[in-house]
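Please read it alongside the sequence and the coordinates.

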Amino acid sequence: MRRSRFRLIAVAGACVVVGAMPTAAYAVGALTLTGTGGSVSLNSAPGVWSGSIGATSLTMTDTTLTTAGWAVTATYADPVLPTKPLKGANVEMSTGAVAGAVPAANVSTVTDAPLSSPVTVLSTGANTGAGVTTAVATLKVRIPQTAQTGQVYGCVVTFTIASVR
Amino acid sequence: MFRSTRSRLVAAGAVGIAVAVTPMAAFAGAGTGSVTTVVTATTVPGALTIAGAGVNVGVSQAPGSWGAATGLNTLTVADTTGTTNGWAVTATYSDPVAGTGLGGANVAVTSANVLPSALGGVLASNVSTVSDVPLTTPVTVLTTGAASGAGVTAADTTLKVRVPQTAQVGDVFGGVVTYTVASVR
């Protein structure tokens, strides 16, 4: 009777240990975004959209061992003073060249989307995002049409990634 | 009693296994890492341009009297020169390629409805306009004067015409009015 009780406690304890095992024990990874980023400079007349600039290689690594998807968001921010802010309406984002684990057909992209507010520039939607997938993001900018010669405008665009369930 | 204990052992084991195989989706979370691109854009001189659809109008009226406003033209002046210079739009009369000219004295021009672009232009209060001014000579129909003309600004122009009072029924007259823009310093 006592021996059975001990065995019961031992089994229950083992189960608790199994249940409480760190997730690392299952090789659960993370959802991460990496890329080259960088700085780009150009000269442009007021009121005119530039060509595509600032090609940024993005690498989405999803080793969460889930079937959840992911979405990459581009967010505009004003530059550091004294550089004048372009503002989001004068910055457009495009994405493409999707390659890697997630088929390009399963990743939505954008073309010339203004960054007046944060924009989802890449998304697997409900499709799984598992594995390592790469893409390229580019920008177009427009100096305000009332700008004066020599004035310097700029912006900071930050890409982040989040899970889509 | 022994069987009961064994059942409890099995049950406890089953619970443990169930916990262990809980789907990993429960561990999915927000992503980490970010990538930043910084853009620096320096302004260089652009151009001063005028654009508009132009119109082709026909009227029929008695000799010697002014007609109603016609020939509505929406003009768009784009000043991306990167300066604080102003601009002026001039209307110039010329005889038609074929047929009899009305003569500038029989064509009067009016300008109005100045509207700056939502992305930046000249306020209506900073643009002078004209009303029923004969085109005997070229007429400045819109001007910012010395004020900055930077940005994109739209305005309307219209014409009134008068058939010469000596005209015969069926005579056809015409005229061509051309709008141009120039910098004002």
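## Chain A

Of the 165 residues of chain A, 35% count as buried, where a buried residue has 20 or more other C-beta atoms within 10 Å of its own, with C-beta atoms placed from the backbone. Among the contacts in chain A with a separation of 6 or more, 77% are between residues 24 or more positions apart, a contact being a pair whose C-beta atoms, placed from the backbone, lie within 7 Å.

## A sheet in chain B

In chain B, three strands form an open antiparallel sheet in the order S8-S4-S11, two strands being paired if DSSP finds at least two bridges between them. Its edge strands are S8 and S11 (176-184) of chain B, each of which pairs on one side only.

Strand S4 (residues 86-94) of chain B runs antiparallel to S8(B) and is joined to S8(B) by four bridges. Ala91(B) has Val139(B) as its bridge partner in S8(B), while Val89(B) stands opposite Leu142(B). Strand S8 (residues 139-143) of chain B is largely enclosed by the rest of the structure, because four of its five residues are buried.

## Basis of the values

Residues are numbered from 1 along each chain as its sequence is written, while chains are lettered from A and ligands numbered from 1 in the order in which they are written. Because the model is predicted, local features need pLDDT of at least 70 and side-chain atom pairs count only at pLDDT 80 or more, whereas totals for chains, interfaces and linings use all residues.

How values were computed: Buried ≥ 20, exposed ≤ 12 C-beta atoms within 10 Å, placed from the backbone. Helix = DSSP H or I, 4+ residues; strand = E, 2+ residues; numbered from the N terminus. Contact = placed C-beta atoms within 7 Å.
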